[in-house]
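Here is a short briefing on a single chain, written for someone who likes to know the cut-offs behind each word. Have a look at the model first, and then let's walk through it together.

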Amino acid sequence: MSTQAITVRDVTVRYGDVLALDRAELTLNHGRICGLIGMNGSGKSTLFKAIMGLVKPDGGTVTINGGTPAQARKSAAIGYVPQSEDVDWAFPVSVHDVVMMGRYGGMGWTRRPKRSDHVAVNEALERVELTEYAHRQIGQLSGGQKKRAFVARGIAQNANILLLDEPFAGVDKRSEATITRLLREQAQEGAAILVSTHDLHALPALADEAVLLMQRVLMHGDPKTVLRPENLALAFGLDVLGSGNDS
Ligand SMILES: Nc1ncnc2c1ncn2[C@@H]1O[C@H](COP(=O)(O)OP(=O)(O)OP(=O)(O)O)[C@@H](O)[C@H]1O
C-alpha cells in the first residue's frame, strides 16, 4: 500500500454559477488525521464528495490509494460518514443493518452475510459501544449514537481511508470522546482520516494536521499553527477562538 492515501490536485467544482472548490490542493498520508475547517459554504462537503467521486470535478484530479475514487469505492477502501442532513433516518433499517452495509463490498452479488461478516459487525458495534442498540431502527438513536453507528460501518468495512463530515455536530461529550478515541485507534492502524469540524478547540487533540478551506486551501499544516488567530481570520474574518465565540 502506498503511504499517500488522498491526493487532490488543482480540483475545481462548480454547481451552476457557484464556485464551490477553486483549484483545491490536498495530500493526506496513511496513519494521519487531518481536520478540515472553514465557514459554512466554504466547500468542505463538496471536497468530501469529490474525494468519494460523488461529484465530478470541472478541473483537476483526485487520486485515492493510487487509483480513482470509483476504484476506491468499489474495493471498499474508503468509508464515508455523511452529514446528518444527508441521511434518510426514516429508512427501515436497524443499526446492525447499517453497519452490515460496510461489508457488502466483499459479499458478491448475493449480499448474503457470512459468519465472518456478523463477527466483524458485532466487533464494530462493540467498539462504538452500541451493542445494546443493534436492533433499533437507525432513526431511533440520538445524534451521537447515529454518528457512532456510521463510524462502526467504516470500521466493519476495514476502510483504510475514512471521511467524516462533521461527526461532532449535535454530539454529546461522551460520543465525542468515543469517536475521537476510535479515530485515533484507526489512524494508528494505518487509516488516513479526513474530518470536518466546527469544534476548533477540540482540533489539536484530534488531528495531526489541519486544513483551512475557503473554496481554496488557504493553509495546511500543524493544527496549532493553522488555528492561530491571524490564520483563522483569513478564513472566518473574525476572532473565532475569542471568548465564547467558537463557531
Ligand atoms: N447541489 C448543490 N447545488 C448547488 N449549489 C450547491 C450544492 N451543494 C452545495 N452547493 C453550494 O456550494 C457551496 C459549498 O457548499 P458545501 O456544502 O461544500 O459547503 P460546506 O463547507 O460543507 O458548508 P457547511 O459547513 O454549511 O456544511 C455553497 O455555496 C453551497 O450553497
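This is a predicted model: local features need pLDDT of at least 70, side-chain atom pairs count only at pLDDT 80 or more; totals for chains, interfaces and linings use all residues.

Residues are numbered from 1 along each chain as its sequence is written. The chain holds 9 helices and 9 strands, where helices (H or I, at least four residues) and strands (E, at least two) are DSSP runs numbered from the N terminus.

**Overall fold**

- The radius of gyration of the chain is 18 Å, which agrees with the value near 18 Å for a compact globule because the chain has 247 residues; the radius is taken over C-alpha atoms, and the globule rule is 2.2 Å times the number of residues to the power 0.38.
- Along the principal axes, the C-alpha atoms fill a box of roughly 55 × 40 × 35 Å.
- Of the 247 residues, 43% are buried; here buried means that 20 or more other C-beta atoms lie within 10 Å of the residue's own, exposed means 12 or fewer, and partly exposed is in between, with C-beta atoms placed from the backbone.
- Taking contacts between residues at least 6 apart in sequence, 68% join residues at least 24 apart; a contact requires C-beta atoms, placed from the backbone, within 7 Å.

- Three strands form an open sheet in the order 2-1-4 with antiparallel pairing, and two strands pair if DSSP finds at least two bridges between them.
- Strand 2 and strand 4 are the edge strands, each pairing on one side only.
- From one strand to the next, the twist averages 15°; axes are lines fitted to C-alpha atoms, for helices over the stretch in contact, and angles run from 0 to 180 degrees between N-to-C directions.
- Strand 1 (residues 4-15) is joined to strand 2 (residues 18-29) by 8 bridges; Val8 stands opposite Leu26, and Tyr15 stands opposite Val18.
- The hairpin of strand 1 and strand 2 has 2 residues between the strands, and Gly16 takes a positive phi near 60° there.
- On to strand 4 (residues 59-64): 5 bridges join strand 1 to strand 4, and the two run antiparallel, with Arg9 and Thr61 as bridge partners.

- Strand 6 and strand 7 run parallel and share 5 bridges; Leu162 has Ile193 in strand 7 as its bridge partner.

**Helix 6 in detail**

- Helix 6 (residues 173-188) has 16 residues and reaches 22 Å from its first C-alpha to its last, close to the 22 Å expected at 1.5 Å a residue; the expected span is 1.5 Å times one less than the number of residues.
- Its buried residues are Ser175, Thr178, Ile179, Leu182, Leu183, Gln186 and Ala187.
- They cover an arc of only 165° around the axis, so they sit on the same side of helix 6; the arc is that of the directions from the helix axis to the C-beta atoms.
- Lys173, Arg174, Arg181, Glu185 and Gln188 are exposed on the other side.
- Packing partners of the buried residues include helix 4 (115-127), helix 5 (143-156) and helix 7.
- Just after helix 6, Gly190 takes a positive phi of about 110°.

**Loop residues worth a look**

- Asn158, in the loop between helix 5 and strand 6, has a positive phi of about 60° although it is not a glycine.
- Asn158 counts as partly exposed because 17 other C-beta atoms lie within 10 Å.
- Glu166, in the loop between strand 6 and helix 6, is a residue other than glycine with a positive phi near 50°.
- Glu166 is buried because 21 other C-beta atoms lie within 10 Å.
- Asp199 lies in the loop between strand 7 (192-196) and helix 7 (203-206), and is partly exposed because there are 17 C-beta neighbours inside 10 Å.
- Asp199 and Glu166 are 33 residues apart in sequence and 9.0 Å apart in space, C-alpha to C-alpha.

Note on methods:
Two residues are in contact if their C-beta atoms, placed from the backbone, lie within 7 Å.
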